[in-house]
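Hello,

Here is the structure I promised to pass on to you. Please open it first, and then read my notes below.

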Amino acid sequence: MANRIKTVELFLALGVATAVGTQAITSNAYEIEETSTEAYLLIAQGAEGGEGGESGEGGEGAEGGEGAEGGEGGEGGEGGEGGEGGEGGEGAEGGEGAVDTGDADVDYMTVLGLMKGHLMVAEELIAAENYEQAEHHISHPVEELYSDIETVLPEKGVEDFKPTLNQLHDLIKSAPDSSEVQTLLDESSASIDEAIAAIPPEQLNSPEFVLNSMVEMLKNAATEYEAAIVDNQFVEILEYQDSRGIVYYADELYQTIAEQKSQADPEGDQTITDTLAELKTALPTIEPPSAPIKEPSEIYSLVSQIEFNK
């Protein structure tokens, strides 16, 4: 799995272009003015490693696989010269990594939300005695995400919980059927909740803050969903599960401010509620369906609807 989240440019290109082309959506939800659908499509072509743009010298594919930043040429080189994934890349998998929205608390909340999504999926897999896949999801919070918040935790007065995550990861590999696994899983989840609780209450109780964080999580879920599919089949099962965990946690998070949103913006609340429910239909079980229920473009569009109504 790649170590960085796909660029926002690509997300906007795919999601907003689909949304603009398929339905009427409130025009002032994004801070984008006088931009045509054709412009979004051109951005999408460039972000996917096509000719021109900031993607190096025009490789094919290269939507952010590992090593994509090492492509020749370009500003940040998400595509290298030729090949899929740039020189040294490993293909076009989605992934998680540095989150940078310009709002430190949104970044912090987003990373913690991604951790929660992984642990939710891991718990489902442990219950199904699918320990190998559970280990993958348990590894992500400590190996890919923790470094993004490690220096922030002491600033917020949060106790370091990396040792607990490491203990859980070690145990799921050495004794996956031990009852202690569930204990450590519960402790890890509780530690993440404590880290979330360190965010100032005025933000945690703010629909704007929660929705901004949710949207960042859901953008990642969309890229994971897309990365799971090859030739209209779910091939990368772990990416499908990543997407499921994130979407289900985002829905859980929305419930904390849904009443406020409903009172302030009933129509927006209904759209968000319905859209979250529709996203969940694409991820019905921990193991993917035989064929995708929704196309990746539909997932991008649904996430865009939430962003437009936040």
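Let me start with Glu 278, which is partly exposed, with a relative accessible area of 34%. Before going further, please keep in mind that this is a predicted model. Glu 278 forms a salt bridge with Lys 294, and the closest N and O atoms of the two are 3.0 Å apart. Because Glu 278 sits in helix α12 and Lys 294 in the loop between α12 and α13, the pair ties together parts that are 16 residues apart in sequence. Lys 294 itself counts as buried, at 10% relative accessibility.

That loop between α12 (266-281) and α13 (296-308) also holds Thr 285. Thr 285 is partly exposed, at 40% relative accessibility.

Another salt bridge is made by the side chains of Lys 261 and Asp 265, at 3.1 Å from N to O. Here Lys 261 is buried, with 8% relative accessibility, and Asp 265 is partly exposed, with 26%. There is also a network of salt bridges, which links Glu 216, Lys 219, Glu 307 and Lys 310.

Some charged residues form a patch instead. Which residues make up the negative surface patch? They are Glu 123, Glu 180, Asp 186 and Glu 187. Helix α7 (residues 179-197) gives the largest share of this patch, 3 residues. Glu 180 has its place in α7 and is partly exposed, with a relative accessible area of 38%.

Helix α9 is worth a look too. Is α9 largely enclosed or open to the outside? Of its 22 residues, 21 are buried, so α9 is largely enclosed by the rest of the structure. Its length also works out: at 1.5 Å a residue, the 22 residues of α9 (residues 207-228) should span 32 Å, and the end C-alpha atoms are 31 Å apart, which agrees.

Finally, have a look at the backbone just after that. Most residues other than glycine have a negative phi. Which way does the phi of Asp 231 go, positive or negative? Asp 231 has a positive phi of about 55°, although it is not a glycine. Asn 232 also has a positive phi, of about 60°, and is not a glycine either. Asp 231 lies in the loop between β1 (229-230) and β2 (233-234), and Asn 232 is found in the loop between β1 and β2 as well. Asp 231 is exposed, with a relative accessible area of 71%, while Asn 232 counts as partly exposed at 38%.

Enjoy exploring it, and do write back with any questions.

Best wishes

Technical notes. Residues numbered from 1 in each chain as written. Predicted model: local features only at pLDDT ≥ 70, side-chain atom pairs only at ≥ 80, totals over all residues. Heavy atoms only, no water. Helix = DSSP H or I, 4+ residues; strand = E, 2+ residues; numbered from the N terminus. Expected span 1.5 Å × (residues − 1). Buried < 20%, exposed > 50% of the residue type's maximum accessible area, 1.4 Å probe, protein only. Patch = residues over 30% accessible without salt bridge, like charges linked within 9 Å, V, L, I, M, F, W, Y side chains within 5 Å. Areas by Shrake-Rupley, 256 points an atom, 1.4 Å probe, with all protein chains shown as cover. Salt bridge = Lys/Arg side-chain N within 4 Å of Asp/Glu carboxyl O. Lys, Arg positive; Asp, Glu negative; His and termini not counted. Charge placed at Lys NZ, Arg CZ, Asp CG, Glu CD.
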